[in-house]
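Today I am sitting down with my notebook to look up ring contacts. Here is the entry I am working from.

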Amino acid sequence: FVLDKYPSMIADAWQIVGYKEQIPFLSQNSQEEQRGGLDFPVRIEGEAMPMMPELNSDNRPLQATRNRDFEAYSDVIKLMERKAYITAINDINYALKENPDSVFRRDLTYLRIIAMINLDLEEQEPIINAAQDWVRAFSADPDVPEILYILANSYNKENIPSEAEHYYKRISDEYPNSRFSPL
């Protein structure tokens, strides 16, 4: 890669000298004037641009992106975009069965709830159970107001207004700035 502020036509080659503490010819003395810094292109042949790998929740490099776990998540995203919700739910269930500690567990369980909502199921029990499990597992997640809203609507469809009211009130009390609060 190339670090090149101004192209240099003066020299054919440059030598870089490093120091551990202070760089003697760049350190500022109280009696000296401040000098301008060095300004020349740096080429490191055969090297790619520096890259920071993905990090997990513990700020450690994520190793799971090149295995079947990531492929399953990508496949589910594509199925959701194509609105193939039943297939997406089946793939999510299979992926979570194969790897229950997946780094994509939060996303997969969230997508399963969204897929069930889009299927417009008569029976709300699977949605309610999945949403309650999700809220317990990911209580600090920014999508909690949406899942609480889904829970409230599901209880409303099941004709259990007291539970629906509980979740609607919880959204307005705990997440007043959420886009689901006015709903």
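Is phenylalanine 104 buried or exposed? I looked up its relative accessibility, which is 10%, so I noted phenylalanine 104 as buried. I keep in mind that this is a predicted model.

Next I counted the aromatic pairs, and the structure holds 7. I started with the pair of phenylalanine 70 and phenylalanine 104: the ring centres are 5.9 Å apart and the planes stand at 45 degrees, so I put this pair down as tilted. Phenylalanine 70 belongs to helix α1 (residues 68-81), while phenylalanine 104 is in the loop between α2 (85-98) and α3 (105-118). The pair therefore ties together parts that are 34 residues apart in sequence. I also checked the accessibility of phenylalanine 70, and with a relative accessible area of 34% this residue is partly exposed.

I then turned to tyrosine 110 and tryptophan 134. Their ring centres lie 6.1 Å apart with the planes at 50 degrees, so this pair is tilted too. Tyrosine 110 sits in helix α3 and tryptophan 134 in helix α4 (residues 125-137), so here the pair ties together parts 24 residues apart in sequence. I looked up burial for both, and tyrosine 110 and tryptophan 134 are each buried.

What sits over the ring of tyrosine 110? I found the charged end of arginine 106 there, 5.0 Å from the ring centre.

Ring pairs join Phe70, Tyr73 and Phe104 into one, so I jotted Tyr73 beside my notes on the phenylalanine 70 and phenylalanine 104 pair, whose planes are at 45 degrees.

How values were computed:
Residues are numbered from 1 along each chain as its sequence is written. This is a predicted model: local features need pLDDT of at least 70, side-chain atom pairs count only at pLDDT 80 or more; totals for chains, interfaces and linings use all residues. Side-chain values use heavy atoms; hydrogens and water are left out. Rings of Phe, Tyr and Trp (its six-membered ring) pair if their centres lie within 6.5 Å; planes under 30 degrees apart count as stacked, over 60 as edge-to-face and the rest as tilted. Helices (H or I, at least four residues) and strands (E, at least two) are DSSP runs, numbered from the N terminus. Buried means under 20% relative accessible area, exposed over 50%, partly exposed in between (1.4 Å probe, protein chains only). A charge sits over a ring if NZ of Lys or CZ of Arg is within 6 Å of the ring centre and within 35 degrees of the ring normal.
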